[in-house]
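Colleague: Let us go through this model together. I will ask what stands behind each label.

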Amino acid sequence: MSASDRVPTEILDLARSARRVTVLTGAGMSAESGVPTFRDAQTGLWERFDPAELATPEAWEDDPAQCWAWYAWRASLVRRADPHPGHVALAQWQARPGIDLWISTQNVDDLHERAGAGVLAHVHGNLFALHCASCGAPADVDYPPITEPVARLDPPGCHQCGGPVRPGVVWFGETLPERAFQDSVEAVQEADLVLVVGTSGLVHPAASIPDFAGARGVPVVEINPRVSKVSGSVDHVWRAPAGQALPALVSALD
Ligand code: BV8
Ligand code: ZN
């Protein structure tokens, strides 16, 4: 079966004629690289914790050492993960002559970048952008290189004020980086095709970004093996994993 046979015809036609493509990715984009999605049950030591409770300022205030240990574990998972063919396909599409392709991701990992793609926005921040929780100074330290989950790790001290260093991610209850959100909305409004890949559509305001396409009649395609909160408001649904759908789509563009 050729690549174009594996791609739904209407989606392939849209992709072939698109010149300005905006791709919105969620945790499902990293799943086939072995980075668990937010909704997947946490494994091992972190199994009994709800990520939505750990990814909060309250969790950090209550117990910085537990929170820092969770992020050090997640950083070690990302570091051991490799971009999958879906990440590579997006980078290849982005490199095609005459194509503008913007990626806005809810993911805090760097898998898109490590596949060679440029990322317009990390709307929920970046796991590796460490900074001081007290004075905001960028930190010149890194997560400890752990290979197994550790229940508690004291966060390093800021080299400027001694305050605790935190991950550069957006916690629940924190506002999104204004620039990242606005750039993502503009990229959706200027696109002639929007792909929404691997997101449950549960977390706001990121989940509302695809809506800005619909308002202007820009076709929106969801790539997700399961139904999500965005499924009802997109134009085309492709029930397939990102690591299979995106390579099939990009290799069928010619
Ligand atoms: C905000 C960084 C203004 C951290 C994340 C009460 C108080 C305060 C706020 C709220 C409140 N109640 C509600 C809110 C708003 C809240 C929110 O939306 N809550 C939800 C849960 C109801 N939002 C916020 O707090 C945001 N800030 O609103 O500020 C404000 C301020 C104060 C008071 C009020 C308002 C900030 C939200 C950002 C949270 N940070 N990440 C970290 O990573 O540790 S969110 C985190 O979860 C991820 O970044 C991601 O965005 C989200 C998970 O969503 P998904 O990416 O969709 O992943 P998920 O696991 O859910 O789904 C995976 C999907 O992939 C599935 O559909 C699956 O089918 C699919 N899939 C699986 N495998 C594959 C696949 N798809 C393709 N291929 C595959 N192989
Ligand atoms: Zn500081």
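Modeller: Start between the two domains: the count of salt bridges between domain 1 and domain 2 is 0. A salt bridge needs a side-chain nitrogen of Lys or Arg within 4 Å of a carboxyl oxygen of Asp or Glu. The model is predicted, so local features need pLDDT of at least 70 and side-chain atom pairs 80 or more, while totals for chains, interfaces and linings use all residues. Residues are numbered from 1 along each chain, ligands from 1 in the order written, and side-chain values use heavy atoms, without hydrogens and water.

Colleague: What makes up domain 1 and domain 2?

Modeller: Domain 1 is 1-35 + 83-124 + 175-254, and domain 2 is 36-80 + 128-169. The bounds come from an automatic or database domain assignment.

Colleague: How many residues does each domain bring to the contact?

Modeller: Domain 1 gives 14 and domain 2 gives 11, with contact meaning heavy atoms within 4.5 Å.

Colleague: Why is the arrangement around the zinc ion (ligand 2) called tetrahedral?

Modeller: Its 4 donor atoms subtend angles of 100 to 118 degrees. Four donors count as tetrahedral if all angles lie between 85 and 135 degrees.

Colleague: Which atoms coordinate the zinc ion (ligand 2)?

Modeller: The SG atoms of Cys132, Cys135, Cys158 and Cys161, at 2.2 to 2.3 Å. Donors are N, O and S atoms within 2.8 Å of the metal (3.2 Å for Na, K and Ca).

Colleague: Why is cysteine 132 called buried, but cysteine 135 partly exposed?

Modeller: Buried means under 20% relative accessible area, exposed over 50%, partly exposed in between (1.4 Å probe, protein chains only). Cysteine 132 has 2%, so it is buried. Cysteine 135 has 40%, so it is partly exposed.

Terms used:
Four donors count as tetrahedral if all angles lie between 85 and 135 degrees; four count as square planar and six as octahedral if opposite donors are over 155 degrees apart and all others between 65 and 115; anything else is irregular.
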